[in-house]
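Work through the exercises below with the sequence and the model at hand. Each task is followed by a stepwise solution.

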Amino acid sequence: MTAPLRLRLDLAALADNWRSLARMSGRASCGAAIKANGYGLGAETVARRLADVGCRDFFVATWAEAERLAPLGLPNVSVLHGIRDEDMTLARAGVARPVLNTPAQMARWRECGGGACDVMVDTGINRLGIAPDSVVGLADGLRIETLMSHLACADEDHPLNAEQCAAFTALRGGTGAVRMSLANSAGIALGSAYHFDLTRPGLALYGGEPRHEFAGVIRQVVFPEAQILQRRTVRAGDTVGYNATWSARRDTEVAILNLGYADGYRRAFSNCGSAGSGKLPVIGRVSMDLLAIDVSMASDLVEGDWVTMDYALPAAAEASGVSQYELLTGLGRRFQRP
Ligand SMILES: *Cc1c(COP(=O)(O)O)cnc(C)c1O
């Protein structure tokens, strides 16, 4: 069955983005965050493509995400949320490597005689991770592959960036970890001091630009496409959509698309989104499953035709006030994915 909405993915652009980020990572290896179903694109699809171009280190949030990827036989998969008691069966089966985040998780892994693991140190985000001053003692008896930390403000020029980098650098050589890893996408642009041995971009792989340094480097990957369900002429003075927020100044050609906020095309695009490279503005409120565009500039479009929404992430985030991360990860299950 063919769904009336689909995600077109430019996988060549995805591969190019990874190569660009690998180049910007200097001597460090470049991994890939593919949590949340590959930021909404489809984790298997992006992982397969990235592995083909040379990516060796993949990061997911949960063991359920890791389990779904197991058939791909990826070289290194790390589970960022670590090991709860409930995760031990999958963790011990070697489906992926746990990223240990708490003293209890480190003890649990040591007691069960687990193999290689990663460890997250909290250098200032105060989210997940071990305190830097206790990690060396706790690391005793563990085989740590990657010692990690995560930046809180890498998408801004903020004093916390340098503080976190210094705190992390001070741990070099202390834990016996084979590698160290600090930078997400934005952190890669902060310079070589932030690269260590491995970088972990997510957003920028998928076309996001968290900092101006990525402009002109990162290519758009995700293109939401929706089918026209009806084309109609709206008479001058009539309105379109819920709450009548748009009214026709003149007779206007309108197409109704099979796409709405339940698909992740946010209500914030009401009267400000567009399709067809800016030629076809969204008019009126975005509904749950439908929206309207002005097709006066496209006399050829008819019922059943497909329209590509404008979804270049920096511009779409600017227009809607919704973060680039949410614009990607919110893309719903009704989209047919490749
Ligand atoms: C999500 C995540 C990343 C990737 O971050 P981006 O900002 O999307 O590049 C890297 N490291 C950790 C620990 C993460 O949770």
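**Exercise 1. Describe the surroundings of the ligand.**

Solution. Start with the neighbours. Around the ligand there are 14 residues, and K35, Y39, S185, L203 and Y325 come nearest. A residue is near a molecule if one of its heavy atoms lies within 4 Å of it.

A word on the basis: this is a predicted model, in which local features need pLDDT of at least 70 and side-chain atom pairs count only at pLDDT 80 or more, while totals for chains, interfaces and linings use all residues. Residues are numbered from 1 along each chain as its sequence is written, and side-chain values use heavy atoms, with hydrogens and water left out.

Next, look for polar contacts (pairs of N or O atoms within 3.5 Å). Y39 places a polar side-chain atom 2.5 Å from an oxygen atom of the ligand. For Y325, the distance from a polar side-chain atom to a ligand oxygen is 2.5 Å. N184 has a polar side-chain atom 3.2 Å from an oxygen atom of the ligand. Finally, take the cover. The ligand alone exposes 390 Å², and the protein buries 93% of that. Accessible areas come from the Shrake-Rupley method with a 1.4 Å probe.

**Exercise 2. Find the aromatic pairs and classify two of them.**

Solution. Search the whole structure: there are 5 aromatic pairs. Rings of Phe, Tyr and Trp (its six-membered ring) pair if their centres lie within 6.5 Å; planes under 30 degrees apart count as stacked, over 60 as edge-to-face and the rest as tilted.

Take F168 and F196. Their ring centres are 4.9 Å apart and their planes meet at 70°, so the pair is edge-to-face. Now place them in the chain. F168 is in helix α8 (residues 159–169), while F196 is in the loop between α9 (185–188) and β10 (198–199), 28 residues apart. Helices (H or I, at least four residues) and strands (E, at least two) are DSSP runs, numbered from the N terminus. Then check burial, which means under 20% relative accessible area (1.4 Å probe, protein chains only). F168 is buried at 0%, and F196 is buried at 11%.

Turn to Y265 and Y311. Here the centres are 6.4 Å apart and the planes are at 35°, so this pair is tilted. Y265 sits in the loop between β14 (252–257) and β15 (274–275), and Y311 in the loop between β18 (306–308) and α10 (313–320), 46 residues apart. Y265 is buried, at 2% relative accessibility. Y311 is buried too, at 1%.

**Exercise 3. Which rings do R6 and R8 sit over?**

Solution. Apply the criterion: CZ of Arg or NZ of Lys must be within 6 Å of the ring centre and within 35 degrees of the ring normal. R6 lies over the face of W306, 3.7 Å from the ring centre. The charged end of R8 sits over the ring of F223, at 4.4 Å from its centre.

**Exercise 4. Summarise the whole protein.**

Solution. Count the elements: 11 helices and 18 strands. Then take burial: of the 338 residues, 49% count as buried.

Notes. Buried < 20%, exposed > 50% of the residue type's maximum accessible area, 1.4 Å probe, protein only. Polar contact = N/O pair within 3.5 Å; in protein donor to acceptor, adjacent residues only side chain to side chain.
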